[in-house]
Amino acid sequence: MSVAVVIPLYNHERYIGEALESVFAQTLRVQSIIIVDDGSRDDSVAAVSKFADERIRLFQQANSGAHAALNRGIAEAAADHEFVAILNSDDVYEPERIAECVKYLQENPEIQVVCTRLKMIDENSRDLAITDPKTRWLERLWQARRENLPEWLGIANFTKTSSNFVARSAYLLDHPFRAYRYVHDYFFAAVAAMGDELAVLPKQLLRYRAHSSNTIKSDPPENVTREVLAMNIDLLRTLAPRLAREPEARANYTQYFRALCRNYSDFRAEVFLGALAQLLAGVPTRSLAEYMETLSAENFPELSAAKTDALKEELAHAEYEALLRQIGGSNWLALGRVFGAGVDIWRAAPTAQKRLAALRQQCASSRWFRLGQRLGLVYTDV
């Protein structure tokens, strides 16, 4: 068993030292640290050169984008290492991260990629306050966890960053990062989740740095939304063969898309449907009709499936989401989570009705929750 850490480096002279120190501090020693400098204009390369560790291999290239730096580093690592952990040059590992992620991959051979919970830090490496909007958003996202990971990704990209991936090197070679500026990590996670090859560990084993030069914060917000739309068209095209032959893949994608259409994750369903309509407008009517004739209950058993209680599910989902928002917006319950006394909704049930019942039961059984109600600090009636 051997592990390499791949670090794409770009203009992070200030942070790369701390990133490297966090790799050196791992409880499971890594065999290689592969750094690909993507045309940094500051003294990032000089900062790396201060470290004499024999495991460091530094490559330099003209600026080509994070995906290109990642793919080059992975190609260099894959020849000699079974596992690859990614670390962006401004983020930080907790000491147990690689040991716990690799252990999980070894014990679960069907899983190809592992990510974990993370905590937010600022440019000075201090934990963001629980009242900080970024921290609160991340907490709400984890409160909304689904057992079905594609559905959870439809709500938002809970992996958050490519630093959050520890994977088998062969899988990374077969699934290179796409040429996206903002969402190469989101696309990668979605493909892995659709194939039930992604797993999530609940421990906070990564520190994700928020600072003014984060790529996703440096451009107009509509650029991100546009790329998310393009990514989802790309995702459909990539999944097309599996969606045609695998009912499980169709079920996963359906849950993902239902969550996505509620306009989370910088996605706009109206624009997406408009784009699809324009793309389909170029397909001859005869071709569409001929394709519809090929659909059969043998290949698509969903065609003859019994009716579902869709209305009950929608109503339960709406009530569940409203309850989550009330919980997420409560300072009292946020304080309780700091002391381990909050409402634990990690084990979400597979249907909206069961999720709602479970969440209500968890609220009712939480002493902290009931105390907040009695004090008038929690207004949710369960």
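The side chains of asparagine 331 and arginine 136 are joined by a polar contact of 2.9 Å, in a model that is predicted. Asparagine 331 belongs to helix H14, and with a relative accessible area of 54% it is exposed, because exposed means over 50%.

At the start of H5, a side-chain oxygen of aspartate 132 comes to within 2.8 Å of the backbone nitrogen of lysine 134. In the loop between S6 and H5 lies serine 125, which has a positive phi of about 70 degrees although it is not a glycine. Serine 125 is partly exposed, its relative accessible area being 23%.

Strands S6 and S8 lead on to the sheet. It is an open sheet of eight strands in the order S3-S2-S1-S4-S7-S6-S8-S5, and its pairing is mixed. Its edge strands, each pairing on one side only, are strand S3 (56–61) and strand S5 (92–93). Within the sheet, S6 and strand S7 (residues 166–168) pair in the antiparallel sense over two bridges, and valine 114 stands opposite valine 166 in S7. Helix H3 (residues 66–78) packs on the sheet, where it touches strand S1 (3–9), strand S2 (32–38), S3 and strand S4 (83–86), and the direction of H3 makes about 150 degrees with that of S2. Helix H4 (residues 97–107) lies across S1, S4, S5, S6, S7 and S8, and runs at about 165 degrees to S8.

Serine 2 lies in the segment before S1. What does serine 2 touch, not counting residues up to four places away in sequence? The residues it touches are Gln31, Asp80, His81, Glu82 and Phe83, and serine 2 is buried, with a relative accessible area of 15%. Asparagine 11 lies in the loop between S1 and helix H1 (16–24), and although it is not a glycine, asparagine 11 has a positive phi of about 55 degrees. At 24% relative accessibility, asparagine 11 counts as partly exposed.

The last stop is a pair of helices. Helix H8 (residues 184–194) and helix H10 (residues 247–260) pack with their axes 9 Å apart, at an angle of about 140 degrees, which makes H8 oblique to H10. H8 contributes Tyr186, Ala193 and Met194 to the contact, and H10 contributes Ala249, Asn252, Tyr253, Tyr256 and Leu260. Of the residues in this contact between H8 and H10, seven are nonpolar, one is polar and none is charged.

Note on methods: Residues are numbered from 1 along each chain as its sequence is written. This is a predicted model: local features need pLDDT of at least 70, side-chain atom pairs count only at pLDDT 80 or more; totals for chains, interfaces and linings use all residues. Side-chain values use heavy atoms; hydrogens and water are left out. A polar contact is a pair of N or O atoms within 3.5 Å; within protein, one must be able to donate a hydrogen and the other to accept it, and residues adjacent in sequence count only if both atoms are side-chain atoms. Helices (H or I, at least four residues) and strands (E, at least two) are DSSP runs, numbered from the N terminus. Axes are lines fitted to C-alpha atoms, for helices over the stretch in contact, and angles run from 0 to 180 degrees between N-to-C directions. Angles under 35 degrees count as roughly parallel, over 145 as roughly antiparallel, 65 to 115 as roughly perpendicular and the rest as oblique. Contact means heavy atoms within 4.5 Å. Ala, Val, Leu, Ile, Met, Phe, Trp, Tyr, Cys and Pro count as nonpolar, Asp, Glu, Lys and Arg as charged, and the others, Gly among them, as polar. Two strands pair if DSSP finds at least two bridges between them. Buried means under 20% relative accessible area, exposed over 50%, partly exposed in between (1.4 Å probe, protein chains only).
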